[in-house]
Amino acid sequence: MTDSTPETLAALQAELAAARAEMQEFSATVSHDLRAPLRHIVSYAQLVQEDAGPQLDAEVQGFLTTIVDSARNMGTLLDGLTELSRVGTQPLVLEPVSLQALVQDVCDTLSAASTTLMVEWHIDEDLPTVRADQHLLRQALVHVLGNAAKFSAGREQPVVAISRVAGDGAGCETLQVRDNGVGFNPALQGKLFKVFGRLHSAQQFPGIGMGLALTRKLLQRMDATVTLQGAVDAGCSVRLCFRAGQSADGPMP
């Protein structure tokens with residue numbers, strides 16, 4: 001029989017916390033220590049391009065361009081790892097958060113940030129108030145709503161619908177984000193939450209495949225979850241499930 005005494009549980013929790021802290025420190029150290037060599041690679045490759053470029057044939061110039069582009073891409077990947085490692089160390093303040101106001105604000109911000117983003121946002125007017133951290137939740141919504149817009153961009157009229165889903169009776173509130181984009185193969189769904197996991201090439205859709213991994217980790221800190229459903233060329237539905245809150249000024253359960 002498994003020992004489940006308070007002392008054993010406390011020891012396991014302490015061990016888990018130490019393992020998480022070690023992993024976060026490792027990710028942060030690796031991402032930091034690799035930046036200097038990357039900067040040198042980019043800088044010296046560019047110097048070769050500038051000083052010897054006219055003497056090099058087109059093929060060699062292409063090699064140098066590939067070196068610079070690859071090093072910059074690795075820098076972007078390191079940025080993603082750094083962001084992921086910081087999620088567990090950000091302060092956590094759980095309070096009632098109005099999804100109505102926050103979702104509208106994120107949609108407005110995404111639309112204002114791109115002159116080519118022509119998404120039609122359909123936001124229901126009864127989005128709930130949930131128990132969450134405002135800052136962390138905003139980050140998660142930027143990833144989820146940004147993905148919905150990005151993977152719908154090729155449609156004649158990209159549409160992203162945000163709605164409230166009926167609760168399960170267990171003190172939970174669910175937000176659904178559904179798009180009419182390219183969707184994905186359900187058999188490959190397991191890859192979506194992996195670090196750098198992506199089902200489409202960077203040429204098709206920009207990004208490094210970090211958004212959903214970050215979203216899940218952000219939500220886990222708030223005792224919330226994220227699930228996906230989709231099909232090829234039939235859009236995607238993302239559900240975020242939270243502990244229910246009351247009014248913006250009321251007490252939390």
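**Exercise 1. Strand S2 and its place in the sheet**

Determine in which sense S2 and strand S4 pair, and over how many bridges.

Solution. In this predicted model, S2 and S4 (residues 159-165) run parallel where they pair, and the pairing comprises four bridges. Within S4, alanine 161 is the residue opposite histidine 122. Next, extend the view to the sheet: five strands form it, in the order S2-S4-S5-S7-S6. The sheet is open and its pairing is mixed. S2 and strand S6 (225-230) are the edge strands, each pairing on one side only. From one strand to the next, the twist averages 15 degrees.

**Exercise 2. Helices on the sheet**

State which strands helix H4 lies across, and the angle at which H4 runs to S2.

Solution. Helix H4 (residues 99-113) lies across S2, S4, strand S5 (172-179) and strand S7 (236-243). The angle between H4 and S2 is about 180 degrees. Helix H5 (residues 134-150) also packs on the sheet, with contacts to S2, S4, S5 and S7. The directions of H5 and S5 make about 30 degrees.

**Exercise 3. Leucine 127**

Locate leucine 127, and decide why it is classed as buried or exposed.

Solution. Leucine 127 sits in the loop that links strand S2 (120-123) to strand S3 (129-132). Its relative accessibility is 8%, so leucine 127 counts as buried; the cut-off for buried is under 20%. Leaving aside residues up to four places away in sequence, leucine 127 touches Leu99, Gln100, Val103, Ile162, Ser163, Arg164 and Leu175. Threonine 174 is 47 residues from leucine 127 along the chain, and their C-alpha atoms are 9.1 Å apart.

**Exercise 4. Cysteines**

Solution. A search of the whole structure finds zero disulfides. As for accessibility, cysteine 241 is partly exposed at 23%, while cysteine 236 counts as buried at 11%.

**Exercise 5. Positive phi**

Find the loop that holds aspartate 223 and the loop that holds aspartate 233, then give the phi of aspartate 223 and of aspartate 233.

Solution. Aspartate 223 is in the loop between helix H6 (211-221) and S6. Its phi is positive, about 60 degrees, although aspartate 223 is not a glycine. Aspartate 233 is in the loop between S6 and S7, and its phi is also positive, near 60 degrees. Aspartate 223 has a relative accessible area of 52% and is therefore exposed; aspartate 233, with 52%, is exposed.

Definitions and conventions. Residues are numbered from 1 along each chain as its sequence is written. This is a predicted model: local features need pLDDT of at least 70, side-chain atom pairs count only at pLDDT 80 or more; totals for chains, interfaces and linings use all residues. Side-chain values use heavy atoms; hydrogens and water are left out. Helices (H or I, at least four residues) and strands (E, at least two) are DSSP runs, numbered from the N terminus. Buried means under 20% relative accessible area, exposed over 50%, partly exposed in between (1.4 Å probe, protein chains only). Contact means heavy atoms within 4.5 Å. Two strands pair if DSSP finds at least two bridges between them. Axes are lines fitted to C-alpha atoms, for helices over the stretch in contact, and angles run from 0 to 180 degrees between N-to-C directions. A disulfide is a pair of cysteine sulfur atoms within 2.5 Å.
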